[in-house]
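Here's a quick briefing to read with the model open beside you.

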Amino acid sequence: LHRRLPDERVLATVAAASMITDHPLQGEAAVAVARRLLQGELALPDLPVLPVDIRFDPRDLDKGVPVQQLFMSSLIVPEVLMRAYEHTPDPAFMSAARIYLHRFIAYEAGLHWPASYVWNAHGVANRAAVLARYWKLSRQQE
């Protein structure tokens with residue numbers, strides 16, 4: 001059932017509803033940032049470069065300036081990887097996004113009190129969009 005419902009257009013609409021508007025990375029820009037992510041660096045335009053664990057490390061949630069912390073809690077890492085995959089279907093991008101998401105989900109499931117921006121309203125809303133993109137892309141791979 002999850003392979004057919006919701007309709008692909010619904011998932012695309014939710015995926016496009018991300019409130020992370022400061023990084024409209026698409027196409028080659030997303031690919032360039034994703035390649036750096038695979039090397040362990042988050043290099044968003046106009047922000048300091050952050051070392052990140054491509055497999056997810058909760059310590060990364062507190063790195064950088066507040067907007068970067070919100071981006072990390074909003075799942076910017078798998079978001080950029082998936083946007084890159086949409087432009088250049090390199091399986092390394094989807095594989096890294098899948099691992100990151102699984103580890104983040106396990107971390108979040110174990111939280112008993114707020115951590116960083118994880119329970120921030122923007123962080124939660126942005127994650128819904130990222131997870132919709134993941135659902136859409138992973139369904140296409142089945």
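**Salt bridges**

Arg59 counts as exposed, since its relative accessibility is 63%. Its salt-bridge partner is Asp57, with the closest N and O atoms 2.6 Å apart, and Asp57 is buried at a relative accessible area of 13%. Bear in mind that this is a predicted model.

- Searching the whole structure turns up eight salt bridges.
- Glu41 and Arg36 make one between their side chains, at 2.7 Å from N to O. Glu41 is partly exposed, with a relative accessible area of 31%, and Arg36 also counts as partly exposed, at 35% relative accessibility.
- Glu79 bridges to Arg133, the closest N and O atoms being 3.3 Å apart. Glu79 sits in helix H4 and Arg133 in helix H6, so this pair ties together parts that are 54 residues apart in sequence.
- Both Glu79 and Arg133 are buried.

- H2 covers residues 27-38, and its twelve residues should span 16 Å at 1.5 Å a residue; the end C-alpha atoms are 17 Å apart, which agrees.
- The buried residues in H2 include Gly27, Ala30, Val31, Val33, Ala34 and Leu37. As a reminder, an α-helix has 3.6 residues a turn, so residues three or four places apart point the same way.
- Among the elements covering the buried residues of H2 are strand E1 (41-42), helix H4 (76-87) and helix H5 (91-109).
- After H2 comes Gly40, with a positive phi near 95°.
- H4 also has twelve residues, and its first and last C-alpha atoms are 17 Å apart, close to the 16 Å expected at 1.5 Å a residue.
- H4 is mostly covered, with ten of its twelve residues buried.

**The nonpolar core**

- The largest nonpolar core has 36 residues, and the ones touching the most other members are Leu37, Leu42, Met72, Ile76, Val77 and Leu81.
- Five helices each supply at least two residues of this core: H2, H3 (66-73), H4, H5 and H6 (121-141).
- Setting aside residues up to four places away in sequence, Met72 touches Leu42, Val52, Asp60, Leu61, Val77 and Tyr100.

**Aromatic rings**

- The whole structure holds four aromatic pairs.
- In one of them, Phe56 and Tyr100 have ring centres 5.3 Å apart and planes at 80°, so the pair is edge-to-face. Phe56 is in the loop between strand E2 (50-51) and H3, while Tyr100 is in helix H5, so the pair ties together parts 44 residues apart in sequence.
- Phe56 and Tyr100 are both buried.
- Phe56 also pairs edge-to-face with Phe104, again at 5.3 Å centre to centre and 80° between the planes. That pair links parts of the chain 48 residues apart, with Phe104 in helix H5.
- Phe104 is buried, at a relative accessible area of 1%.
- Phe56, Tyr100, Phe104 and Tyr107 form one aromatic cluster.

**A buried glutamine**

- Gln68, in helix H3, counts as buried at 3% relative accessibility.
- A polar atom of the Gln68 side chain lies 2.7 Å from the backbone oxygen of Pro48.
- Leaving out neighbours within four places in sequence, Gln68 is in contact with Leu47, Pro48, Leu50 and Lys63.

Key:
Residues numbered from 1 in each chain as written. Predicted model: local features only at pLDDT ≥ 70, side-chain atom pairs only at ≥ 80, totals over all residues. Heavy atoms only, no water. Helix = DSSP H or I, 4+ residues; strand = E, 2+ residues; numbered from the N terminus. Expected span 1.5 Å × (residues − 1). Buried < 20%, exposed > 50% of the residue type's maximum accessible area, 1.4 Å probe, protein only. Contact = heavy atoms within 4.5 Å. Core = buried A, V, L, I, M, F, W, Y, C linked by side-chain atoms within 4.5 Å. Phe/Tyr/Trp six-rings, centres within 6.5 Å; stacked < 30°, edge-to-face > 60°. Polar contact = N/O pair within 3.5 Å; in protein donor to acceptor, adjacent residues only side chain to side chain. Salt bridge = Lys/Arg side-chain N within 4 Å of Asp/Glu carboxyl O.
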